[in-house]
Amino acid sequence: QVQLVESGGGLVQAGGSLTLSCAASGSIFSSSTMGWYRPGPGKQRELVATITSGGSTNYADSVKGRFTISRDDAKNSVYLQMNSLKPEDTAVYYCNAKRWSWSGAIDDWGQGTQVTVSS
């Protein structure tokens, strides 16, 4: 059983900042790649940012230089610091935990938190 709970979404003007938080169950957090996703074209969830258990990060080109993902294993939490927000960043942001079994990757998702950026 994996539980992911997001918080920190809200309304912000273009150019402003928000920090999203995701609290995960400790049973899998330390060994999981954590990430933030949002719906893209076709409604599929697309990568915003990920961070491995070793701290390696990956970002969508559209957010590089503006967003920063981090994790705190002691708190079983992952964060997304979003700066210089643009209206096109408006979306529901989902926290993701990816772990592996013999059959491949297993994805767990939070319920999502709404970010709305006004122009």
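Select methionine 34 first: leaving aside neighbours within four places in sequence, its contacts (heavy atoms within 4.5 Å) are Leu4, Ala24, Phe29, Ala49, Thr50, Ile51, Ile69, Arg71, Val78, Cys95, Asn96 and Ala97. The model is a predicted one, in which local features need pLDDT of at least 70 and side-chain atom pairs count only at pLDDT 80 or more, while totals for chains, interfaces and linings use all residues. Residues are numbered from 1 along each chain as its sequence is written, and side-chain values use heavy atoms, with hydrogens and water left out.

Strands here are DSSP runs (E, at least two residues), numbered from the N terminus.

**The four-stranded sheet**

Next, display the open sheet with the order β1-β3-β8-β7, whose pairing is antiparallel; two strands pair if DSSP finds at least two bridges between them. β1 (4-7) and β7 (67-72) are the edge strands, each with a single partner, so one side of each has no neighbour in the sheet.

Centre on β3 (residues 18-24), which pairs with β1 over four bridges. Valine 5 is opposite alanine 23 of β3, and serine 7 is opposite serine 21. Towards β8 (residues 77-82), β3 forms six antiparallel bridges, and here alanine 23 faces serine 77. Colour the two faces of β3 separately: Leu18, Leu20, Cys22 and Ala24 make up the covered face, and Thr19, Ser21 and Ala23 the uncovered one.

**Salt bridges at Asp89**

The structure contains six salt bridges (a side-chain nitrogen of Lys or Arg within 4 Å of a carboxyl oxygen of Asp or Glu). Select aspartate 89, which is buried at a relative accessible area of 1%. Arginine 66 forms a salt bridge with aspartate 89, with the closest N and O atoms 2.7 Å apart. Arginine 66 is in the loop between β6 (57-59) and β7, and aspartate 89 in the loop between β8 and β9, so the pair ties together parts 23 residues apart in sequence. Shared partners join Arg38, Arg66 and Asp89 into one network.

Then turn to arginine 38, whose salt bridge with aspartate 89 has its closest N and O atoms 3.1 Å apart. This pair links strand β4 to the loop between β8 and β9, across 51 residues. Arginine 38 counts as buried, at 14% relative accessibility.

Notes
Buried < 20%, exposed > 50% of the residue type's maximum accessible area, 1.4 Å probe, protein only.
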